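Take the stops in order, and look around each one before moving on.

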Amino acid sequence: MEPLAGIRVIDLTRILAGPYCTQAMADAGADVLKIEEPRKGDDTRGWGPPFVKGQSAYYLAVNRGKRSLTLNLKDPRGRDLLWRLLEGADVLVENFRPGTLDGMGFGEAAVRARHPRIVYASVSGYGPDGPWGGRPGYDAVIQGEGGLMSVTGPPDGAPHRAGASVADVIAGMTAYQGIVLALLRRERTGQGAYVDVSLLESLLATLAYHATTWLLAGEVPARLGNRHPNLAPYETFEAQDGYVIVGVGSDSLWQSFCAVLGDPGLASDPRFATNAARVTNYDALQARLATAFRARPVAGWLSALEAAGIPCGRVRTVAEALDNPQVAARGLLLEVDHPSIGFGKYVGSPIHLDDAGRGSTRPPPLLGEHTDEVLRERLGLAPEEVTGLRRDGVV
């Protein structure tokens, strides 16, 4: 059984963080209604290239499992339809700039006053309060303001944005977690909740040891390239034909690692005898290891390191990572039939839950694809009523 089966979600989100959250809910069995502006829809429908037969790859990534309904919330009839849809809803998720939905009459206080059992979730850049409350924030900006860029990139170069939109994705995951917690509490208390998630706080929470390095040790973390600030060796090395990633997380692994390198002098060198010593004498260690790794191809290193039980891997392209037989064996990729694209593979839920699937195979919806269906099913509107609303620009 899907864990969120029977949960009805009104999805007022767009771009990435919010849709990532609501797609996770759809993957868990929730009935997600994506409310979009007529003739325009989610901004990411136009983000590209690449486009796949007219559909944005960006949009397709985070909108699987949902139904699309177009509503003009500037029209009082559109707002009335949304209120009627909210009567049977369990969750509302939105990621407008704080205050925007208040101006439309659908702020948290207004919605929960009429529907006290609803879980109202908001995702924003910095949250609705504080000195930066309501300030807009995209992923790249948050990566900078959240300190991530300061620890990403080469030590003698410019700060780098992470290659993936991690601030958005983590905020979406955090919002999903918060909604599930609120639904669990509602089972016990009968009361709804307000879930308030910001990209800034979600990203800061991932800094983990970088945060405590400053908060408790009083040191400002710096960019170190691919090395780790607290472990050595724990980084990438250039081999003859590519890059190898090695993680030596203990002194016993260090001994095994030195045996693979065939360098007994390295193992007995007091400068490298403990992890703390290796971190302290990193420059001398790195120079020695860099020379050693250039002597063999990637496959040779991986074979030897894996045989010794040392965590290691190669640097793969996105295509290589998704085509990895381990990914296929774990069932992460879903085969989905899209009405305009046809069959294709999509990334499903990373959660393995017994007696539940790996995600919804309902394709990302076309704009307004389910408007007639939802208005008939949820509100009992006749076809001629929907035709009139469409003629007037309400849907």
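In which loop is Asp-355 found? Select it, and you will see that Asp-355 sits in the loop between β13 (342-347) and α17 (371-379), where helices (H or I, at least four residues) and strands (E, at least two) are DSSP runs numbered from the N terminus. Before going further, note that this is a predicted model, in which local features need pLDDT of at least 70 and side-chain atom pairs count only at pLDDT 80 or more, while totals for chains, interfaces and linings use all residues. Residues are numbered from 1 along each chain as its sequence is written, and side-chain values use heavy atoms, with hydrogens and water left out.

Most residues other than glycine have a negative phi, and most peptide bonds are trans. Stay with Asp-355, which has a positive phi of about 65 degrees although it is not a glycine. With a relative accessible area of 67%, Asp-355 is exposed; here buried means under 20% relative accessible area, exposed over 50%, and partly exposed in between (1.4 Å probe, protein chains only).

Next select Lys-53, in the loop between β3 and β4 (55-56), whose phi is also a positive value, near 50 degrees. Lys-53 counts as exposed, at 63% relative accessibility.

Now move to the peptide bond from Pro-49 to Pro-50, which is cis with omega near 10 degrees; Pro-50 has its place in the loop between β2 (31-36) and β3 (51-52). A cis peptide bond also runs from Ala-232 to Pro-233, with omega near -5 degrees, and Pro-233 is found in the loop between α9 and β9 (234-238).

**The open sheet**

Select the six strands that form an open sheet in the order β5-β2-β1-β6-β7-β8, with parallel pairing; two strands pair if DSSP finds at least two bridges between them. At the edges lie β5 (66-70) and β8 (193-198), each of which pairs on one side only.

Colour strand β6 (residues 91-94) and look at its side chains, where Val-91 and Val-93 point one way, Leu-92 and Glu-94 point the other way, and all are buried. In a regular strand the side chains alternate between the two faces of the sheet.

Strand β1 (residues 8-12) pairs with β6 in the parallel sense over four bridges, and Ile-10 stands opposite Leu-92 in β6. Strand β7 (residues 119-124) likewise pairs with β6 in the parallel sense over four bridges; in β7 you will find Ala-121 as the bridge partner of Val-93, and Ser-122 opposite Glu-94.

**Cysteines**

How many disulfides (pairs of cysteine sulfur atoms within 2.5 Å) does the count give? The count comes to zero disulfides. Select Cys-312, which is in no disulfide, and find the nearest cysteine sulfur, that of Cys-258, 15 Å away. Cys-312 is partly exposed, with a relative accessible area of 23%, whereas Cys-21 counts as buried at 0% relative accessibility.

**Last stop**

Finally, select Leu-215, which lies in helix α9 (residues 209-215) and is exposed, with a relative accessible area of 64%.

Conventions:
Disulfide = S-S within 2.5 Å.
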